[in-house]
Amino acid sequence: MSREEIRGLVDALGGLLSVLHRTDPADKAEGYRQLGLRLTYDHETQTVLAESRPTPVGVLCVSEGGLEPPRPLKGTSTSS
């Protein structure tokens with residue numbers, strides 16, 4: 001994203017940037033921690049790489065079957 005696109009996104013979110021400027025540093029750090037935010041500064045290019053790896057809040061598992069109660073195979077029942 002370009003700087004203009006990022007600023008447009010921030011402005012669309014109600015001036016989040018101005019809120020972050022006024023936020024207590026400890027509160028800001030906790031928010032970044034919860035987002036899994038990692039900032040890496042490259043001194044040579046004077047750029048920052050921002051990565052976010054939020055902690056999962058739930059796990060969804062999908063089964064391809066095998067949860068049905070066991071049934072005898074046709075022709076193998078001992079009850080007849």
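This is a guided tour of the model, stop by stop, with what to select and what is found there.

**Before you start**

The model is predicted, so to speak of local features a pLDDT of at least 70 is required, side-chain atom pairs count only at pLDDT 80 or more, and totals for chains, interfaces and linings use all residues. Residues are numbered from 1 along each chain as its sequence is written, and side-chain values use heavy atoms, with hydrogens and water left out.

**The whole chain**

Select the chain and colour it by secondary structure: there are 3 helices and 2 strands, arranged along the sequence as α-α-α-β-β. These elements are DSSP runs numbered from the N terminus, helices being H or I with at least four residues and strands being E with at least two. Switch to a surface view, where the accessible surface comes to about 7900 Å², 58% of it belonging to carbon and sulfur atoms; areas come from the Shrake-Rupley method with a 1.4 Å probe, and for residues only the protein chains shown count as cover. Of the 80 residues, 2% count as buried, where buried means under 20% relative accessible area, exposed over 50%, and partly exposed in between (1.4 Å probe, protein chains only).

**The largest pocket**

Next select Ile 6, Val 10, Leu 17, Leu 20 and Ala 50, which lie nearest the centre of the largest pocket, among a lining of 20 residues. The volume of this pocket is about 910 Å³. A pocket here is an open set of points on a 1 Å grid over the protein atoms alone, where a 1.4 Å probe fits, with protein on both sides within 12 Å along at least five of seven lines, and lining residues have an atom within 4 Å of a point; grid points are joined across faces, edges and corners, and the volume is the space filled by probe spheres set on the points.

Now show α1 (3–12), α2 (16–22), α3 (25–35), β1 (37–42) and β2 (47–52), each of which supplies at least two residues of the lining, with the largest share, 5 residues, coming from α1. By type the lining divides into 14 nonpolar, 3 polar and 3 charged residues, with Ala, Val, Leu, Ile, Met, Phe, Trp, Tyr, Cys and Pro counted as nonpolar, Asp, Glu, Lys and Arg as charged, and the others, Gly among them, as polar.

**A nonpolar patch**

Select Met 1, Ile 6, Leu 9, Leu 13, Leu 16 and Val 19, which together make a nonpolar surface patch of about 580 Å². Such patches are made of residues with over 30% relative accessible area and no salt bridge, nonpolar side chains (Val, Leu, Ile, Met, Phe, Trp, Tyr) being joined within 5 Å. Both α1 and α2 supply at least two residues of the patch, and Leu 9, in helix α1, is partly exposed at 45% relative accessible area.

**Two salt bridges**

The whole structure holds 2 salt bridges, each being a side-chain nitrogen of Lys or Arg within 4 Å of a carboxyl oxygen of Asp or Glu. Select Arg 33 and Glu 30, whose side chains meet at 2.7 Å, N to O; they are 3 residues apart in helix α3 and therefore separated by about one helical turn. Arg 33 is exposed at 53%, while Glu 30 is partly exposed at 31%. Then move to Arg 53 and Glu 51, with the closest N and O atoms 3.6 Å apart.

**The last stop**

Finally select Gln 46, in the loop between β1 and β2, which has a positive phi of about 55° although it is not a glycine. Most residues other than glycine have a negative phi. Gln 46 is exposed, at 61% relative accessible area.

Methods. Patches are made of residues with over 30% relative accessible area and no salt bridge: like charges are joined within 9 Å, nonpolar side chains (Val, Leu, Ile, Met, Phe, Trp, Tyr) within 5 Å.
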